[in-house]
Each structure stands twice: as structure tokens, then as C-alpha cells.
Amino acid sequence: MDDFRALKDKIAIVGVGNTAYGSFPETDDYGLGAEAFRRAVADCGIERDKIDGLLVCRVPYYARMGQILGLNPRWTITLPPHGRMSAMGIIEAAAALHAGLCDYAALIYTNIGRSRRVNYGGDESPGFWDPWGMTSPGAAHAMMFRRHMALYGTTTRQLAEVSVAFREHAILHPDAVMKKPITIEDHENARPICEPLRLLDYCLINDGAVCIIMTTRERARDLRKRPVLISGFGAREAYTESSIANFDLNFWYDEAQDMARQAYGMAGVGPGDVDAFMCYDNFSPTVLFALEGLGFCGRGESGPFVEGGTLKLGGKLPTNTDGGHLSNSYMQGWALNVEAVRQVRGECGERQVPGAEVVQFAAVTPCCRTIIYTPG
Amino acid sequence: MSATTTPAAAKPLPTIDPVSKGFWDLANRGRLSVQRCDDCGHRHYPGAPVCPRCLSKDQSWEPVSGRATLLSWVRFHRAYWEGFAPEIPYAVILVQLEEGPLMISNLVGARAEDVPIGAPLEVVFERATDQINLPKFRPLQG
């Protein structure tokens, strides 16, 4: 293989599964992972013993996961518990499947952060700038958003459009955690956490697990459901300012542009062809940064772009139709990839985007990744 | 643990290691510095074991002007450390030094909302411990 673009339409997602989302202190990471795996296996009807690839993310120990699931694969990868790993993992699995390192890969993500009371700041995640009181990924996004406001005139009311749209979607999603309708005023009046961000700009912290089963397009034909193909992907990291975790002075614009060029070029589509967009949303500002970086709107224009319900079902660019991290579940990108698959399959019920054929996932973070899904 | 035997909750302190020691030595003398590569002249902060541009291991801490530009700021309403609890809500600023590198710090002598993004600042030092003199910034005087 001379170029990653040769992977276009070669690899399929064939099975997806997720647990309920919420607070489950009665179980653990492995219990959640096992449930998501059972559901993904049932979703595609694969014989468990055919699975010979295992990728785990935020699972404490891959081997114990394998033991519990009765798997002794010939390909294993474990990824750190960072939000930016989901599409990275899916792309790695695609490459491994294409290379023949495994024939069927199960990707399992678990999170029991709610029951463990994870808080993503302070001594739990020491950083270089702690002595000045700077900590937490939310603060980094607040720092970027204040700069976006100063450079482009973006407002917190525009930012509220993101949270309000995703909450509307979550209300239509049976598994979603947050079901109470919110308005722009609710967003503006919410408790400040790290100004200019408020509570409704922050993702949830909840327990749950997701499993994705992947194989080659040829093998996918023998499974239960119509495969969803990986038609394009792109990648670029931004490590230059990494002493400030989760931060980029230019909103990851250049990196997102780079990954967009890769993915759109590979898939042969452009932003105007995207029927539904699944955007990593640990904090609402990153959705605005993604819209600009991927070219859905011009640089600095994401504020006006999202006004008036652009991101809602029925809007110009239905985004995070499952409610995203802000209102569905904090599955660190994995559930958004599952939602992309379900949209392409037409399985989303009330929140289905009619005729969705090109569905894009993107994470605009220090590791920018995007994947374009289409029907097989 | 009781209030009478527990010292006042402390704030986190910088880690002094072989790379950063030069920075804190200069800070103790009231000088702000960045790491400068002896081979290619690249200036960067925080310090690193090799120059991120040319990978040279020969680097020095070079005093800088102390002047900077305010790029952004946030205000914490949550204390992730007990030591910051009495100061809530407190502001954290992002500045760019005249010489290029970015720094996170705190604003002294003004409220953040009264200082426009892009305003010129200058370094001041606030002693945290006998070993640590923390650089902070205030609006450029005069």
C-alpha cells in the first residue's frame, strides 16, 4: 500500500453496541465493557471466536478484558484514556485489518468516571502551570474561547446554540443522560465554572461503555447488517503548545484544515456533502473550532454560522444527533462514532437524519482526527 | 488531622529539575528568562532537554525583557486545590512574551476585565517560598 487513501471503502464497521449511560457503582470497567461487547456481537451476528483483534481504550487491563470475553486475539492495542483516541483507534484498526494483522477487530471503550468521581483537574492531573492555578481541560477551552471572542466577536449566546441544539437531540435519544430542555437564557444563567464557560458548556461525566466491531468490506457481507464503510479519514497532531494541555493558540485550525484535506480528498466529498456531523464536544467551544477548521464555515465565522438552529435536526448541518458529550454521554468520541454508524444505517428513529449517506466524525483536539462514513 | 496541626492548605509549587533550575535561579534574582539554544538561537518556554528546533543539547537560560502581551484570560469559580479556595473566583492569564514564548500566569494590580486583550504587560515577581519566586504580570507602567 503506497498511500493511506488506498484504504478508501475497504474497511467496514459491522457491529456497534453501547451500555446504558449513567451512574453504575454496582459494576466496574470490565462489566460495562462486557455488556457493550455482547450488544455489538448481537448487532452483527458474528461468531465470537472469529474476533482476533482487540483494541481497548480506558479499560484498565487489556488481558483481563480478553480473559472475560474469551478472546485470545493475534492483535492487541491499548490506548490511553484520552478523549482524542476514538477515531485514532478506529483508523489504527482499519490499517491492521487491511494489512491482515487481524480479520475481525473489537474496539472497546469503558468509562466509570462518574462512580470513581473523576474531576479532570488539580492533583489528579498535574500540569506545568498548576502554580498559577491553571488546571483542567475546561479552563484551556475557556482560554481559547475568550480569545475567539476577542478576535472575531463571537458571543456566549452563540456558544449557547451548541449546547441547546445537542440537548434537543438528547431528548430524542432513549439512552441519553440529560433530558431536560434548555434555552439560550438557561445557558447564559448557568453557574460559571471557568469564565467565560459555564456549566452547560461542559461535558457530562458518566459511566458507560461502547463497542465497535470492524472487518474488511468483503468479510462484512457475511454479517447481519449492511456494512458502514470508512470512506475517508485524516489526521494531524498539534503538540507545539502542549505544556498547556488541551490548548492551541489558533484553535487547531491548521491541523483541522490538514486532516480535512486528507479525508475529503480520500472520500471524494466536501463539507457541503455531509448529511450529519458528529463532533467531539468535551466543551462547546471545540465545536465552533471544528466547524471552522473543517470548512463548514469561514475562519472566525462559526458564531454567526450556528445561530438559528444550524446544528439542530432539520437545520443546515445536523450535529451530534445523539446529544453528544454535552447531553448524551461522555464516551470520549466513541459513542459519536456509533451514532454516525446508526445514522448511515437509518436506525436513529426520531433523531434520524432523512437519507443520511455521508456522516462525518471529527475531533479537533491536540490530536485532530476525522472519519467519513458512507453506506456499503 | 485537625486545624491546629495542619498547616494552611498550600498551593501547588513548580517542580525544580535539572532543566528548570536555571529559570528559578534567575527568578530568585528577579529576572524572567526563557531557554535559548546555544546552537540555533531558538527561544522557548517551558524548558526542554533538547532544543525543539535543532535538537541541540546545548541550551542556556537567557534573561528577557519581561514585557508581554495579554492574549486571553479566564476566571476560575472552582478550586481544584484547597490552596486556591480562598481566592475564588480568581483569574489566570495567557501572555506572549516580547521574545515569543507563551506563558500562563496571573494578573497583578488590575482586574482582568479592565485590561483589554492585546494590552502590554510587564513581569513582577511574587515570592511563594524561599526557593520559588513566581513570575506574574501587571499592566505596563508609564
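The model is predicted, so to speak of a local feature here takes pLDDT of at least 70 and a side-chain atom pair counts only at pLDDT 80 or more, while totals for chains, interfaces and linings use all residues. Residues are numbered from 1 along each chain as its sequence is written, with chains lettered from A and ligands numbered from 1 in the order in which they are written.

Let's start with H13(A). Helices (H or I, at least four residues) and strands (E, at least two) are DSSP runs, numbered from the N terminus. Helix H13 of chain A covers residues 334–345, and at 1.5 Å a residue its twelve residues should span 16 Å; the end C-alpha atoms sit 17 Å apart, which agrees. That expected span is 1.5 Å times one less than the number of residues. How many of its residues are buried? Twelve of twelve, so the helix is mostly covered, where buried means 20 or more other C-beta atoms within 10 Å of a residue's own (exposed is 12 or fewer, partly exposed in between, with C-beta atoms placed from the backbone). Among them are Trp334(A), Glu339(A), Arg342(A) and Arg345(A).

Now the interface. Chain A puts 26 residues in contact with 25 residues of chain B, contact meaning C-beta atoms, placed from the backbone, within 7 Å. On the chain A side, helix H5 (137–152) and strand E5 (192–195) each supply at least two residues. H5(A) has the largest share, six residues. E5(A) also pairs with strand E4 (residues 67–76) of chain B, antiparallel, over two bridges; pairing takes at least two DSSP bridges. Cys194(A) stands opposite Phe76(B) in E4(B).

Chain B itself splits into domain 1 (15–64) and domain 2 (65–142), with bounds from an automatic or database domain assignment. Their C-alpha centres lie 20 Å apart. The contact draws eleven residues from domain 1 and 14 residues from domain 2. On the domain 1 side, helix H1 (21–28) and strand E2 (43–44) of chain B give two or more residues, and H1(B) gives the most, with three residues.

Here are two of the contact sides by class. Ala, Val, Leu, Ile, Met, Phe, Trp, Tyr, Cys and Pro count as nonpolar, Asp, Glu, Lys and Arg as charged, and the others, Gly among them, as polar.

| Domain 1 of chain B, touching domain 2 of chain B | seven residues | three residues | one residue |

Key
Two residues are in contact if their C-beta atoms, placed from the backbone, lie within 7 Å.
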